[in-house]
Amino acid sequence: MTELSAEWLLPVDGPPIEGGLVRYEGGVIVEVTEGRAERHFPEAAIVPGFVNAHSHLEYAVYAGFGDGMAFGPWIRTHVDRKDRLDAAQMLAIARCGVVDSLRAGITTTADYSFSGAAAAAAGLLGLRAIVYLEVFSPDPDDARRQFEDKRRLVDETELVRIGVSPHAPYTCSLDTYRWCLSLGIPVGTHLAESPNEDEWLEHGSGPLRQIAPVLVPPSGKRSVPTLEPVLGPDLLCAHCVELTDEDVALLAARSVPVAHCPRSNALLGCGIAPLAPLRAAGVAVGLGTDSPASTPSFDMFEEMRAAIFLARARERSAGALLPAEALRMATLDAARALRLDDRVGTLTPGKRADLTVVSLAGSPYHPVEDPAAAVVFGGSPERVLQTIVDGQTRYANEDNEKWREVRSTASAARQRMLAPRQ
Ligand SMILES: [Zn+2]
């Protein structure tokens, strides 16, 4: 039996507990109560480990590639540079992504994986994950071959489940989506991320024309109506920025889970997703950091803050998203979107012992008035003291030294992508 206590404990499915204690054994939470353990964290909060509803661990060192470009040329820059890597380098980068995630208090990741390296990296370093192997093709037979080639390279474990990701409605046909959904494993896609997507699908125009040979033919409809026949509770949809009121109603009516990535959408100039309308319509919206290919980091604290800033700015209302709601989107709501809420997302007896200890010492929010505000506005990866997955401490801020090798091999892979073409 292990016991941890802190000045505050935020179960998320109940009110914050001042002087809270959590007990766990065999990877399972046994009790959440008031009390003081031998291992006590003063001026700190224990929260459920963050659940990242959208990431690409394999892009951990792609920061800044194509910054300032439109969505179409930005994608082409990434495809071109990714081609220069071998399998060992992709694994090195994915391991760096796992370390950065654990360091940011993330204990579960929904990862869309190009090479399968994300599954190996998560397994090696103890991050809980659903790894959705990406397929890109209008032809379902081709998509099946892509999936099978990647699937045989990866192992499913207690912590790492394998899913499939038909990339987006402009690279995959409805038949490809139907084939993916027929597998009975988790399925995730990108949807309505950018206006360029609608331009191609509706009119065959816009910057995506530059990669026309690999795209599905225009459907004559926008992105969400194009995908309408396959939208349902089994299809996790990342981004969902370009939505009309009818699209929001459709996503709600079909119980489509959504991963909201406000920093990625802002930095790529894609826009601001209608978070408040989605939540008001009852859509399960989890928060996702996306990857350093678009955002600067796997930093869930920054993501929670960005979600609040942008929701409040968009709605012109300080009440549009409160810190406790943002924390819920980064834990329980994301777990719901991934259908893992029976296992993770809250500090509740019976759930897996996934938890994060955040120091509040010296933050402007300490002494604490609102503990959720203290964690969301005052937190940062530097303040993460411990990240525990399935009862195992997978990151402690005193062992940064341990990760030096992981970072240097990932940096070498980045160097190779930056080198001029021979
Ligand atoms: Zn993505």
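The model is predicted, so local features need pLDDT of at least 70 and side-chain atom pairs count only at pLDDT 80 or more, while totals for chains, interfaces and linings use all residues. Residues are numbered from 1 along each chain as its sequence is written, and side-chain values use heavy atoms, with hydrogens and water left out. Helices (H or I, at least four residues) and strands (E, at least two) are DSSP runs, numbered from the N terminus.

**Zinc site**

- His54 (NE2), His56 (NE2) and His190 (NE2) are the protein donors of the zinc ion, at 2.0 to 2.2 Å from it.
- Donors here are N, O and S atoms within 2.8 Å of the metal (3.2 Å for Na, K and Ca); water is not among the atoms, so sites may look incomplete.
- Along the chain, the zinc donors follow the spacing H-x1-H-x133-H.
- Distant parts of the chain are linked this way: histidine 56 sits in the loop between strand E5 (50-55) and helix H1 (71-82), and histidine 190, 134 residues apart from it, belongs to strand E9 (residues 187-191).
- Histidine 56 counts as buried at 6% relative accessibility, and histidine 190 is buried with a relative accessible area of 6%.
- Buried means under 20% relative accessible area, exposed over 50%, and partly exposed in between (1.4 Å probe, protein chains only).

**Helices H2 and H3**

- Helix H2 (residues 87-103) and helix H3 (residues 117-125) have axes that come within 8 Å and cross at roughly 50 degrees, which makes H2 oblique to H3.
- Axes are lines fitted to C-alpha atoms, for helices over the stretch in contact, and angles run from 0 to 180 degrees between N-to-C directions.
- Angles under 35 degrees count as roughly parallel, over 145 as roughly antiparallel, 65 to 115 as roughly perpendicular and the rest as oblique.
- H2 and H3 cross in a right-handed way; a crossing is right-handed if the near helix is turned clockwise from the far one by less than a right angle, and left-handed if anticlockwise.
- Residues of H2 including Met90, Leu91 and Arg95 meet H3 residues, among them Ala117, Ala121 and Leu125, where contact means heavy atoms within 4.5 Å.
- By class, this H2 and H3 contact has 13 nonpolar, no polar and one charged residues.
- Ala, Val, Leu, Ile, Met, Phe, Trp, Tyr, Cys and Pro count as nonpolar, Asp, Glu, Lys and Arg as charged, and the others, Gly among them, as polar.
- Buried residues of H3 include Ala118, Ala119 and Ala122, and their cover includes H2, strand E6 (106-113) and strand E8 (160-166).

**Helices H4 and H5**

- Helix H4 (residues 140-151) packs against helix H5 (residues 174-181) at an angle of about 45 degrees, their axes 8 Å apart, and the two are therefore oblique to each other.
- Pro140, Ala143, Arg144 and Phe147 in H4 meet Asp175, Thr176 and Trp179 in H5, giving four nonpolar, one polar and two charged residues.

**Backbone spots worth a look**

- Most residues other than glycine have a negative phi, and most peptide bonds are trans.
- Valine 12 is not a glycine, yet has a positive phi of about 75 degrees; valine 12 is buried, with a relative accessible area of 17%.
- Arginine 339, also not a glycine, has a positive phi of about 55 degrees and counts as partly exposed at 49% relative accessibility.
- Histidine 366 and proline 367 are joined by a cis peptide bond, with omega about 0 degrees.
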